[in-house]
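Take a moment with the sequence and the model. The paragraphs that follow start with one pair of side chains and then widen the view.

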Amino acid sequence: MASEELARKLQRRLQREEAEEGGPQPAPCAAAAPEPEPEPAARAPLASADAELSAKLSRRLDINEGAARPRRCKVFNPYTEFPEFSRRLIKDLENMFKLYDAGRDGFIDLMELKLMMEKLGAPQTHLGLKSMIKEVDEDFDGKLSFREFLLIFHKAAAGELQEDSGLMALAKLSEINVALEGVKGAKDFFEAKVQALSSASKFEAELKAEQDERKQEEEKRRLRQAAFRELKAAFSA
């Protein structure tokens, strides 16, 4: 009995060992792939900053060398900066400036100046318009501010504009338009003034006549009402 039991144990052990030897062998561990090295952080874009700094340095050099003027930071007061102009003239020129400032941005750009010169009857070429702006463009922004617009008339009065220039044509035509104040067909400034005064006097006379006529109508109506009350009182008595 003991020998049979021992034989069975040996047989089971042999079977277990054979099963272990014939079974699938575990696959060898694959070598771990090397982790990718972290990429270096991207450099911040410096091109725009460099360009802006270069532009500022270039403008500063131009200002130091007299090729450019520093931008004005103070509040512009046309009455103190252009004391030779009357308040009425400045107001008229301001209204004219606003009339042609189609973009309502406080500037007259190239296209708005083109339209303005066409309306005044003195159209200019593209180069002529650019030359007009350049002559008074203090801040080099390629358009006219109200101060630069007034500077045109200041230069014209001081004799600093060429007689055949576009700015002189603008100044002359604008001066006539401002002086006329709606009076058309006058030959010169003085005739326009006389005609304007005559029109004003005629208007005042017509207004006074209309007021007198209204007073007379009021008086007649008052008399009719008084007569009606007297007649009514007579019948009631």
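**A walk through the helices**

E94 and K91 share helix α4, which spans residues 87-100. They sit three residues apart, about one turn of the helix. Their side chains meet in a salt bridge, at 3.9 Å from N to O. Side chains of opposite charge can pair when their charged atoms come close. K91 counts as partly exposed, because its relative accessibility is 43%, between the 20% and 50% cut-offs. Keep in mind that this is a predicted model.

Now step back to the whole chain. How many helices and how many strands does the protein chain have? There are nine helices and zero strands. Read along the sequence, the pattern is α-α-α-α-α-α-α-α-α. The protein chain has 237 residues, and 22% of them count as buried. Its accessible surface comes to about 18600 Å². Carbon and sulfur atoms hold 57% of that surface.

Return to the charged pairs. The structure holds 11 salt bridges. One of them joins E210 and R214, with the closest N and O atoms 3.3 Å apart. Where do E210 and R214 lie? Both belong to helix α9, residues 189-236. They are four residues apart there, so about one helical turn separates them. E210 is partly exposed, with a relative accessible area of 44%. R214 is partly exposed too, at 47% relative accessibility.

Another salt bridge links E160 and K155. Here the closest N and O atoms are 3.5 Å apart. K155 has a relative accessible area of 17%. Buried means under 20%, so K155 is buried.

Salt bridges can also join up. E81, E138 and R147 are linked in a network of them.

End at a loop. S145 is found between α6 (126-136) and α7 (146-157). Is S145 buried or exposed? Its relative accessible area is 16%, which is under the 20% cut-off, so S145 is buried. Which residues does S145 touch, leaving out those up to four places away in sequence? They are F97, G106 and F107.

Terms used:
Residues are numbered from 1 along each chain as its sequence is written. This is a predicted model: local features need pLDDT of at least 70, side-chain atom pairs count only at pLDDT 80 or more; totals for chains, interfaces and linings use all residues. Side-chain values use heavy atoms; hydrogens and water are left out. Helices (H or I, at least four residues) and strands (E, at least two) are DSSP runs, numbered from the N terminus. Buried means under 20% relative accessible area, exposed over 50%, partly exposed in between (1.4 Å probe, protein chains only). Accessible areas come from the Shrake-Rupley method with a 1.4 Å probe; for residues, only the protein chains shown count as cover. Contact means heavy atoms within 4.5 Å. A salt bridge is a side-chain nitrogen of Lys or Arg within 4 Å of a carboxyl oxygen of Asp or Glu.
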